[in-house]
Every structure is written in C-alpha cells, then in structure tokens.
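Please read it alongside the sequence and the coordinates.

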Amino acid sequence: MEKAAVMQQVDKGLMLPLMEAFYTIQGEGFHKGTAAYFIRVGGCDVGCHWCDVKESWNADLHPPTPVDKIITDAAAASDTIVVTGGEPLMWDMDPLTAGLKSRGMKIHIETSGAYPLTGTWDWICLSPKKNKAPVGDIHQRAHELKVIVYNRHDLKFAEEHAAQAGPDCLLYLQPEWSVRDKVTPLIVDYVMQHPKWRVSLQTHKYLNIP
C-alpha cells in the first residue's frame, strides 16, 4: 500500500501505529492483579519528563497496523483489553473498539485526556498531565482518576482534577517510579488524611513483568 493510502487508513482509525501488544497482569489502579491484553499505540506529544516509555512518543517509529489484525491477535489472548500509549486518543479509536466489542471483549483505556474521547469503553482511566490539560467532558466520563505524584505540588494538582470528576470516579495517587522512595510516604500520609483517595503502585515493576 502506498504511503498516502496508508496515512488515509491511519486518519480513519483503520490502521494504528502499533508499538507493541502483549498479555500480562494489570499492574496499576483499580484492576491491578488481573490478566489483560495490552495494546500500546505509538504517538504522544504530552511530553512528561519522567515517562518510562519515551520510545512510544514518535509514531513514525511504529508500523501502521490494520486494526483487524490487532483485534484478531487480541481475541486470541484475552477477553479484557487495555489500550494505552503513548497517547491513544491521538487516533480515532472507533474502529478498534467497535471490532473488539463485536468479539464481546471488555475494553479499557489509559489516557491523559489531552485529545477528544473516541471509541466505546467499559473502563476509562484518566491520568491528567500538567503539560497538556484534558479536553471535553472526560473528567465526568472517567471511571478512575490516576494522578502520578513526582513532588508535593502534584497533590494540589490531583485535587484540582478530582474536583472535576464525577461522584463515582475512583481516585488514585501513584508514586512516580524514579522517586518512589521519596514520595510514597508523602502519599501514604495524604491518603490517611484524605481517605477519598487510594494508593496505586506500579506492581508490575515490583513483579518484574511487562
């Protein structure tokens, strides 16, 4: 397929810059400890300095892959799918989620919310970032708000976003991995003082799995 034709397919969400896909254990947030198939889509311009998958940022490094193939591979692995990135909402998620739904799958997304929400989701994890604010009504649609804590100011940032979330949205504070020893005690104290929040840990890193 010629490059122009490929890009048309990408623009329509019929192909996606797939970085990797793998079956593992969800390590974070509400669904931690459960098996899921992860689809990591390339492309992100949010630019968090502490991001642990910076190789996902440049979508050009990841081959445009037909969503039909992505769906077929996912269906062979699990009935629970997590779409992550990068920032997956840079791309139209409607074709991917429609195909997954047609197979009866439960579909989760992990997003900064920096782009309009597309796709049909069973679980939306919103993880807002300071560099590029969420858009639209995603705070109200999110099932889970997960704020990464790098320093004390991030607790104020977390409260600002919690104030925009729906009444049933679960609230998580997660230590940024590189400073976990420093900020975890801070988070523990904060959650004890503000019990509407929960602690999220990157348990997959402790387990040494993807």
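## Gly166 and its surroundings

Not counting residues up to four places away in sequence, Gly166 touches His139 and Gln140, where contact means heavy atoms within 4.5 Å. Gly166 sits in the loop between α5 (153-162) and β8; helices (H or I, at least four residues) and strands (E, at least two) are DSSP runs, numbered from the N terminus. With a relative accessible area of 14%, Gly166 is buried, a class that means under 20% relative accessible area, against over 50% for exposed and partly exposed in between, with a 1.4 Å probe and protein chains only. The C-alpha atoms of Gly166 and Asp73 are separated by 34 Å, the two residues being 93 apart along the chain.

## Basis of the model

This is a predicted model, in which local features need pLDDT of at least 70 and side-chain atom pairs count only at pLDDT 80 or more, while totals for chains, interfaces and linings use all residues. Residues are numbered from 1 along each chain as its sequence is written, and side-chain values use heavy atoms, with hydrogens and water left out.

## The open sheet

Nine strands form an open sheet with mixed pairing, in the order β3-β1-β2-β4-β5-β6-β7-β8-β9; two strands pair if DSSP finds at least two bridges between them. Because β3 (64-66) and β9 (197-199) each have a single partner strand, they stand at the edges, and one side of each is left without a neighbour in the sheet. Neighbouring strands of this sheet are turned by 30 degrees against each other on average, direction ignored; axes are lines fitted to C-alpha atoms, for helices over the stretch in contact, and angles run from 0 to 180 degrees between N-to-C directions.

Strands β4 and β5 run parallel and are joined by four bridges, with Thr80 standing opposite Lys106 in β5. Strand β5 (residues 106-111) is largely enclosed by the rest of the structure, because five of its six residues are buried.

## Strand β7 and its partners

On one side, strand β7 (residues 144-149) runs parallel to strand β6 (residues 123-126), and two bridges join them; the bridge partner of Cys125 in β7 is Glu144. Six bridges join β7 to strand β8 (residues 170-175), again in a parallel arrangement, and Val149 stands opposite Pro175 in β8.

Six of the six residues of β7 are buried, and the strand is thus described as mostly covered. Glu144, Lys146 and Ile148 point one way from β7, whereas Leu145, Val147 and Val149 point the other way, and all are buried.

## Helices α2 and α3

Helix α2 (residues 67-75) lies across β1 (15-25), β2 (35-41), β3 and β4 (80-84), and runs at about 65 degrees to β3. The axes of α2 and helix α3 (residues 94-102) come within 10 Å and cross at roughly 35 degrees.

The crossing of α2 past α3 is right-handed, which is the term for a near helix turned clockwise from the far one by less than a right angle, anticlockwise being left-handed. Val67, Ile70, Ile71 and Ala74 of α2 make this contact with Pro95, Leu96, Gly99 and Leu100 of α3. These residues divide into seven nonpolar, one polar and no charged, where Ala, Val, Leu, Ile, Met, Phe, Trp, Tyr, Cys and Pro count as nonpolar, Asp, Glu, Lys and Arg as charged, and the others, Gly among them, as polar.

## Gln26, a buried loop residue

Gln26 is found in the loop between β1 and β2 and counts as buried, at 7% relative accessibility. The side chains of Gln26 and Glu110 are joined by a polar contact of 3.2 Å, that is, a pair of N or O atoms within 3.5 Å, of which, within protein, one must be able to donate a hydrogen and the other to accept it, residues adjacent in sequence counting only if both atoms are side-chain atoms. Leaving aside neighbours within four places in sequence, the contacts of Gln26 include His31, Phe38, Val82 and Thr203.

## Backbone exceptions

Most residues other than glycine have a negative phi, and most peptide bonds are trans. A cis peptide bond, with omega about 20 degrees, joins Gly85 and Gly86, and Gly86 is found in the loop between β4 and α3. Asn208, although not a glycine, has a positive phi of about 60 degrees; Asn208 lies in the segment after α7 (203-207) and counts as exposed, at 69% relative accessibility.
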